[in-house]
Amino acid sequence: MSALPTLPALLQHFGQTPTRSRLLWLQLVIVLVAGSVHAASLAWPFPFVFAQGQPLWGLQLLALTLLAAQLDGCRSWGRAAWLGGTFSVAMLCGTFWWLFISMHDYGGLAAPLTVLAIVLLAVFLGLYYAAAAALFVVLAPVRRAQRALVFAALWLLAELARVKLFTGFPWGEGGYAHVDGWARPLAAWIGVHGLTFLAALVAASLAMCLRARKTRWLAAISLVFVSVAVAWLPATDGASGKDQPPLLPVTLLQGNIPQNEKFQPGTGVVTSLRWYGEQLRDAKTALVVAPETAIPLLPQQLPPGYWQAVQGRFAVGEQAALIGMPLGGTQAGYANSVVGLKPASSPASPAGSSTTGSSPNPAQPYRYDKHHLVPFGEFIPPGFRWFTSMMNIPLGDFNRGTVVQASFDWKGQRLAPNICYEDLFGEELGARFTDPALAPTMFVNLSNIAWFGNTVAIDQHLQISRMRALEFSRPMLRATNTGATAIIDHRGQVTHALARHTRGALVGEVQGRSGITPYAWWVSRYGLWPLWALGLGIVALALALRRR
């Protein structure tokens, strides 16, 4: 049986001359399609063929296999950079195209400028992958197994660069496609970035083995073997079921306030205050959670008696609340925050007076301030004020909270809030797991992604939260304005959910967890440095072999 034909051989078969320019254009088309497939693998965006909104790990492997196949054997680092850059721009634009809605529909930026801004963002982030592709051609060893390892290491480094550089924006990383795949048991050991490395290694191995006469059959056997081995990994629920926290009844609120009305005094603000006030008053469960900026005003801006009534509601009894709202003032600055109310709190204490990053004073409401702020929405990068002035977005420069802040203790649970896309940065959530006695027993995400409409952004964010649950073996409560409001158990499975873009209250029970997964152990102590060391170590070894 002959090996798979290369592109030049295919061109000759159809009677065409495989010129350098024609071959390049064909390769660019292939990687353009592959990048789009990669974006679709994270949350299938179409309501046909596959389940809409679900991750498809097979498509993610297919996309990377197509890219690796085009890079393997490429002799020009410049061509490789074009191929890697084209793939990544298609991948990134296909992943976060919904930024158009926030910047154009709600921000008022002209459509051509909005499209240009999104493409330029994708091009800028795509430089990491273009550099990785170029370095692969420069460093690629002779042996196929070594080439696959180098490809995976460089791909990992490109993803890590997207995590850390320029505040980080790793939305759409390939590892999230495997939240339901054969590799999901590994999430509690190596995290999403480790899954990204593994997927790149498998894809590159497939690309290189399938082109070889004698080793093609090994690719399929190896994939089956790895899948079976991973499926038999020991469970990492964190600890045995003997000493787990008790079940906690919860109510998660979803106001479905239209984004173009949310901060308007005569419409959205009135609706928010009325509806969330009623839900907080009438909730029956031990915990009720209202999403990010559910109360869209500062405490001092609220109608007389409103905030005092909300605090008084939870000052006595057996119920507590976590409420998203802005806090601060002109002198101290403002913060995107979560306020926690429970019977130990004093209704007379001002919500903005507690200190983040330390154990809350029992006489004051709990407070969590968002740490990882959104560029252009919650802070303005230096030199870009001219860009934000072109948009009509009612947010500005916020203060940052510390990375490690105290959990909200309630009913034997340690609840760790995170706001909006903060759950995208697992290494920052992991910083809370250094001391098992203080580690969170569950996460609580409060979001408002109505900025991005009824789009695949909701599904993508749900996959991100599910991955965090897998990594740390912790449930994730999600209270959002428009979706996905859901309860995710410690195995990363959605157990309860509200229909998106509807108004309602989700009631359910959830059990926290108290053990520490391998990933939580090492990421809480070393951050992402072990992964950086892995990627850089492989690259350094390839460079040494190349020189030899």
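Residues are classed as buried at under 20% relative accessible area, as exposed at over 50%, and as partly exposed in between (1.4 Å probe, protein chains only). The model is predicted, so that local features need pLDDT of at least 70 and side-chain atom pairs count only at pLDDT 80 or more, whereas totals for chains, interfaces and linings use all residues. Residues are numbered from 1 along each chain as its sequence is written, and side-chain values use heavy atoms, with hydrogens and water left out.

Strands (E, at least two residues) and helices (H or I, at least four) are DSSP runs numbered from the N terminus. In strand β5 (residues 366–369), Tyr366 and Tyr368 on one side are buried, as are Arg367 and Asp369 on the other. Strand β5 runs antiparallel to β4 (residues 333–341), to which 4 bridges join it; pairing requires at least two DSSP bridges between strands. Arg367 is the bridge partner of Val339.

A nonpolar core is a set of buried Ala, Val, Leu, Ile, Met, Phe, Trp, Tyr and Cys residues joined through side-chain atoms within 4.5 Å. The largest such core has 125 residues, and Leu248 is among those with the most contacts inside it. Apart from this core lies another, of 23 residues, including Val339.

Arg162 is found in helix α7 (residues 144–164) and is buried, with a relative accessible area of 1%. Beyond four places in sequence, its contacts (heavy atoms within 4.5 Å) include Tyr128, Phe169 and Trp171.

Phe166, in the loop between α7 and α8 (187–209), has a positive phi near 55° and is exposed, at 62% relative accessible area.
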